Amino acid sequence: QISCAECRRLKLKCDKKIPCSSCVRRGCISLCPTKALSTAPTKRIITSDTTALHKKIRVMNQHIAQLEDALSTLQATVSSEPHPLLAGASRLPKIEQRTNTFSDDGKPAEIVDALGTLTLGKEVGDARYLGRSAVSESLLEGSPEIQGATDEDDFIPTHEIAQLVNSFPFAPGSIWDVESSIKLILSYLPEREHAWALAEQFLTHNFWYIRTVSREELIDELLTPIYQFLSSLDDPGFTELDNTVPLPPTRLAVLFICLALGSLADLSMPMYSTESALFFNLSRATLALHPVLVSPDLASVQALTLIGSYYGTGGPNYSIEATWVCLTFAAKLTHSVNRESPRWGLDDKTIQRRRAIFWELYTFDGLISLDLGRPPSLFTAHSDTPLPFDDDDGVDDQGNPEPGFHRWRMTFSRDVMTAISNVTLSPGMPDYQTILDLDRLVREHPLPQKYDPLRSLSSAVEKGFTSGEEGGGYEAWLMTLKGHHLNQFRAVVVMHVHRAFFAQALLQSPSDPLGTVYAPSFLAAYQIASTMVHLNVKNYYKYPNVLSRYWEIWTGLLSAGIILGLIVARSPSNPLAANAYEELELAVDLFKMGAPKSDKAKRGLSVLLRMYEKATKAYLSTTSPGNPTMEILNVVREDAGALHTLETFAGYTKLLMKKMRS
């Protein structure tokens with residue numbers, strides 16, 4: 001083996017691959033290994049913007065091929081002889097194109113450089129990175145900011161509490177009068193009966209909640225002692241010796257965030273009420289009274305995890321970045337619960353609590369990492385903590401053991417989502433066989449039978465009700481919505497597996513994506529998007545008040561809608577296009593229903609409407625009578641917006657300039 005000609009010309013070290021890494025880096029893959037650029041007087045031979053040039057060449061190549069096909073079709077109608085421009089070597093060598101589509105390691109050359117999206121702000125240092133799996137968030141980057149969102153400071157009652165909220169987590173606890181600050185914060189607790197009602201909403205109606213706080217802990221260890229303390233303040237026999245608050249700041253922070261999430265789940269109250277925002281801010285203020293950075297405890301992890309969950313609910317305080325930061329912070333503090341040893345002599349209640357906190361955080365952190373295309377903060381290789389007990393475990397119809405709701409989520413995260421993250425979030429693109437292996441791994445972990453919506457929808461939901469606990473009763477209501485959550489969770493993960501290669505099928509052959517090697521990903525992406533839309537529509541019409549408060553619905557549904565829209569916009573003559581167009585309309589209607597209630601749905605609607613417009617234009621071009629083939633090709637080819645969306649879906653490297661949020 002010898003060095004390639006270009007490396008010899010430049011006197012560079014060659015790794016003797018075909019093409020070599022030096023030629024790949026310099027953008028001259030087509031020269032390697034036998035050709036070389038001619039020596040020029042100047043050393044500036046290759047422009048720095050080789051990626052843009054190669055993209056332009058690829059588009060022009062496709063355009064030329066389409067023109068040649070059209071000319072060949074036209075020539076066949078007037079003569080049996082080939083057109084002179086298409087004779088011999090004049091025609092574009094298609095076999096060579098296909099050969100050059102792959103790099104030396106078997107990966108598509110177009111997606112070797114797939115690093116995701118970097119958004120730069122106008123101020124120096126303002127930047128936001130979204131990895132190639134962060135499709136929904138990357139598309140939302142281009143959507144307009146929501147105007148008139150309520151300022152969170154409107155729900156902070158006093159200046160002192162505002163200072164506490166804004167100082168977390170960097171101000172040292174020594175600068176605050178902790179006792180007086182806590183008593184001020186406790187004065188905003190609701191009446192006893194209302195507090196118990198909110199706690200019950202958090203535990204029962206918040207079906208997607210992160211189970212870091214059990215019923216026993218919330219009722220017996222948080223609510224009861226704090227309200228006993230408050231009632232004792234009015235006792236005539238009260239003395240200063242009894243003036244000590246029975247709970248530390250971190251546990252009070254857990255109490256307040258549970259009340260905030262309970263208020264969100266309360267169907268008798270408006271969504272994102274001022275009460276919910278008040279408790280959310282009081283939780284952050286209370287947490288600021290404890291030196292979390294220096295002396296973290298289990299309650300700190302619980303509070304941070306639930307605060308991160310609140311940030312992601314899609315209301316006025318919505319911030320996926322804040323969710324990610326809170327979870328990352330909590331993950332660093334949770335390293336006290338990622339190991340377990342019988343020698344420590346912990347009681348069973350403490351052991352189960354530590355296990356639940358670790359695995360709930362592990363599951364939530366893994367999902368958010370996939371949504372943002374960033375590495376997770378927790379790894380099972382560094383932990384020996386067993387899964388917690390789940391009283392929902394049971395048996396299926398055949399009498400085989402079946403995991404409960406929480407155990408299935410955690411097991412799926414440990415065995416499936418971790419493997420997908422390792423592939424999806426790695427710097428290099430995987431080979432296609434790895435993607436097919438991951439798809440097989442997902443299918444080896446079906447939903448529990450009682451939570452499979454395709455099995456239980458006909459029996460449980462049909463007896464259901466519009467909202468609340470009417471009709472089928474609370475058990476049927478809860479079973480249906482838990483099944484909806486698990487199906488949504490699994491579907492989003494499947495879309496992460498196939499998304500890039502679904503896009504590659506449309507990029508490689510818009511006229512016949514099912515004829516490409518990536519046809520399995522194309523079909524899998526369509527199937528999961530179609531199923532997600534139909535289940536979300538059916539359940540949303542059944543339980544609109546509940547699912548409007550379910551933030552994860554909009555993330556998965558946006559990706560599903562974009563998949564359906566891309567099928568129509570890029571391949572309008574495809575056999576699946578007609579059904580995809582109808583399902584896209586269903587998704588748009590659902591976003592229109594959710595937009596008045598959720599800022600995330602409102603931003604997603606603007607993205608989906610643009611895709612719907614492109615899909616409609618392409619679809620009408622195929623259904624209108626008398627449209628020639630070339631006119632259809634022109635509609636598809638000229639839509640640069642759909643191409644940009646498709647490249648974002650494939651995870652192509654993008655650089656955006658945008659005013660960042662302050």
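1. Arg414 has a relative accessibility of 31%, so this residue counts as partly exposed, since the class runs between 20% and 50%. Its side chain meets that of Asp415 in a salt bridge, with 2.8 Å from N to O. Asp415 is also partly exposed, at a relative accessible area of 29%. Please keep in mind that this is a predicted model.

2. Arg409 makes a salt bridge as well: its side chain meets that of Glu360 at 2.9 Å, N to O. Arg409 belongs to helix 15 (residues 405-424) and Glu360 to helix 14 (residues 348-372), so this pair ties together parts that lie 49 residues apart in sequence. Both Arg409 and Glu360 are buried, whereas Arg414 is partly exposed.

3. Helix 15 also holds Ser421. Is Ser421 buried or exposed? Ser421 has a relative accessible area of 8%, which means that it is buried, the limit being under 20%. If neighbours within four places in sequence are set aside, Ser421 is in contact with Leu370 and Ser426.

4. Within helix 16 (residues 432-443), Arg440 and Asp437 are three residues apart, about one turn of the helix. In an α-helix there are 3.6 residues a turn, so residues three or four places apart point the same way. The side chains of Arg440 and Asp437 meet in a salt bridge, 2.9 Å from N to O. Arg440 is partly exposed at 43% relative accessibility, and Asp437 is partly exposed with a relative accessible area of 35%.

5. Some salt bridges share partners, and these join Glu216, Glu217, Glu221, Arg251, Lys349 and Arg353 into one network. How many salt bridges does a search of the whole structure find? The search of the whole structure gives 15 salt bridges.

6. Two cases of a charge over a ring can be listed next. Arg374 lies over the face of Trp324, 4.5 Å from the ring centre. The charged end of Lys482 sits over the ring of Phe405, at 5.0 Å from its centre.

7. On ring pairs, the count comes to 19 aromatic pairs. One of them is formed by Phe280 and Tyr310 and is stacked, with 4.2 Å centre to centre and 10 degrees between the planes. Phe280 lies in helix 11 (residues 274-287) and Tyr310 in helix 12, so the pair ties together parts that are 30 residues apart in sequence. Both ends are buried: Phe280 has 0% relative accessibility, and Tyr310 has a relative accessible area of 4%.

8. Tyr432 and Phe501 form an aromatic pair that is tilted, with 5.2 Å centre to centre and 50 degrees between the planes. This pair links distant parts of the chain, as Tyr432 is in helix 16 and Phe501 in helix 18 (residues 473-508), 69 residues apart. Tyr432 is buried at 11% relative accessibility, and Phe501 is buried at 1%. Elsewhere, ring pairs link Phe280, Tyr310 and Tyr311 into a cluster.

9. Helix 12 covers residues 298-311, 14 residues in total. From its first C-alpha to its last, helix 12 reaches 20 Å, close to the 20 Å expected at 1.5 Å a residue. Why can helix 12 be called largely enclosed by the rest of the structure? Of its 14 residues, 13 are buried, so the rest of the structure largely encloses helix 12.

10. The largest nonpolar core has 79 residues, and Leu218, Ile226 and Leu255 touch the most other members. Helix 10 (residues 249-265) supplies the largest share of this core, 11 residues. Not counting residues up to four places away in sequence, Leu218 touches Ala199, Phe202, Leu203, Val213, Leu223, Leu255 and Cys258. There is also a second, separate core of 75 residues, which includes Leu478, Leu486, Ile562 and Ala615.

Key:
Residues numbered from 1 in each chain as written. Predicted model: local features only at pLDDT ≥ 70, side-chain atom pairs only at ≥ 80, totals over all residues. Heavy atoms only, no water. Helix = DSSP H or I, 4+ residues; strand = E, 2+ residues; numbered from the N terminus. Expected span 1.5 Å × (residues − 1). Buried < 20%, exposed > 50% of the residue type's maximum accessible area, 1.4 Å probe, protein only. Core = buried A, V, L, I, M, F, W, Y, C linked by side-chain atoms within 4.5 Å. Contact = heavy atoms within 4.5 Å. Salt bridge = Lys/Arg side-chain N within 4 Å of Asp/Glu carboxyl O. Phe/Tyr/Trp six-rings, centres within 6.5 Å; stacked < 30°, edge-to-face > 60°. Lys NZ or Arg CZ within 6 Å of the ring centre and 35° of its normal.
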